[in-house]
Amino acid sequence: MSFYVAMKDSNGKDWNAANNSCSSYVFCGNIKGRLPNKDQLLTIYNNIYTLNNAISVQGGSRISPNRYWSSTYNSNTLSHYMVDISNGDVFSYDRGDGVSALARPIL
């Protein structure tokens, strides 16, 4: 699985804000980003040290050890997944229930 990770977080708060800010994030070449899916966030978790070192060297903001929204929908609970980057735990929350998490655009 290959993808590019943005140099900084975008507006996370609720799922709608996370999705909108990620799809508005512009990478090089005017290519718009998107909200990562659950598996991509788990890949970020599994490679966090390498990613944070590379992002820091380039002057970006490290991926913080917090919960991040994913684009993956859980049809069993009618909610979206988020991944806790500090420990790899996966949670499922309704996008409208006021739960706050971060967002990191990918390409």
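Which residue forms a salt bridge with D9, and how far apart are the closest N and O atoms? The partner is R104, and the closest N and O atoms of the pair are 2.7 Å apart, a salt bridge being a side-chain nitrogen of Lys or Arg within 4 Å of a carboxyl oxygen of Asp or Glu. This is a predicted model, in which local features need pLDDT of at least 70 and side-chain atom pairs count only at pLDDT 80 or more, whereas totals for chains, interfaces and linings use all residues. Residues are numbered from 1 along each chain as its sequence is written, and side-chain values use heavy atoms, with hydrogens and water left out.

**Salt bridge**
- The structure holds 1 salt bridge.
- D9 lies in the segment before helix 1 (15–24) and R104 in the segment after strand 5 (90–93), so the pair ties together parts that are 95 residues apart in sequence; helices (H or I, at least four residues) and strands (E, at least two) are DSSP runs, numbered from the N terminus.
- R104 counts as buried at 2% relative accessibility, while D9 is partly exposed at 26% (buried means under 20% relative accessible area, exposed over 50%, and partly exposed in between, with a 1.4 Å probe and protein chains only).

**Helix 2 (38–46)**
- At the start of helix 2, a side-chain oxygen of N37 reaches to within 3.0 Å of the backbone nitrogen of D39.
- Q40, L41 and I44 are buried in helix 2. Seen down the helix axis, the buried residues of helix 2 fall within an arc of 100°, so they line one face of the helix; the arc is that of the directions from the helix axis to the C-beta atoms.
- The cover over these buried residues includes helix 3, strand 3 (67–74) and strand 4 (79–84), where contact means heavy atoms within 4.5 Å.

**Helix 3 (48–57)**
- The buried residues of helix 3 are I48, N52 and I55. They fall within an arc of 65° when seen down the axis of helix 3, so they line one face of the helix.
- These buried residues of helix 3 pack against helix 2, whereas the face turned away from the buried side carries the exposed residues Y49, T50 and V57.
- Just after helix 3, G59 takes a positive phi of about 85°.

**Nonpolar surface patch**
- Y4, I31 and L107 make a nonpolar surface patch of about 300 Å²; patches are made of residues with over 30% relative accessible area and no salt bridge, with like charges joined within 9 Å and nonpolar side chains (Val, Leu, Ile, Met, Phe, Trp, Tyr) within 5 Å.
- I31 is found in strand 2 (residues 31–32) and, at 41% relative accessibility, counts as partly exposed.

Conventions: Areas by Shrake-Rupley, 256 points an atom, 1.4 Å probe, with all protein chains shown as cover. Polar contact = N/O pair within 3.5 Å; in protein donor to acceptor, adjacent residues only side chain to side chain.
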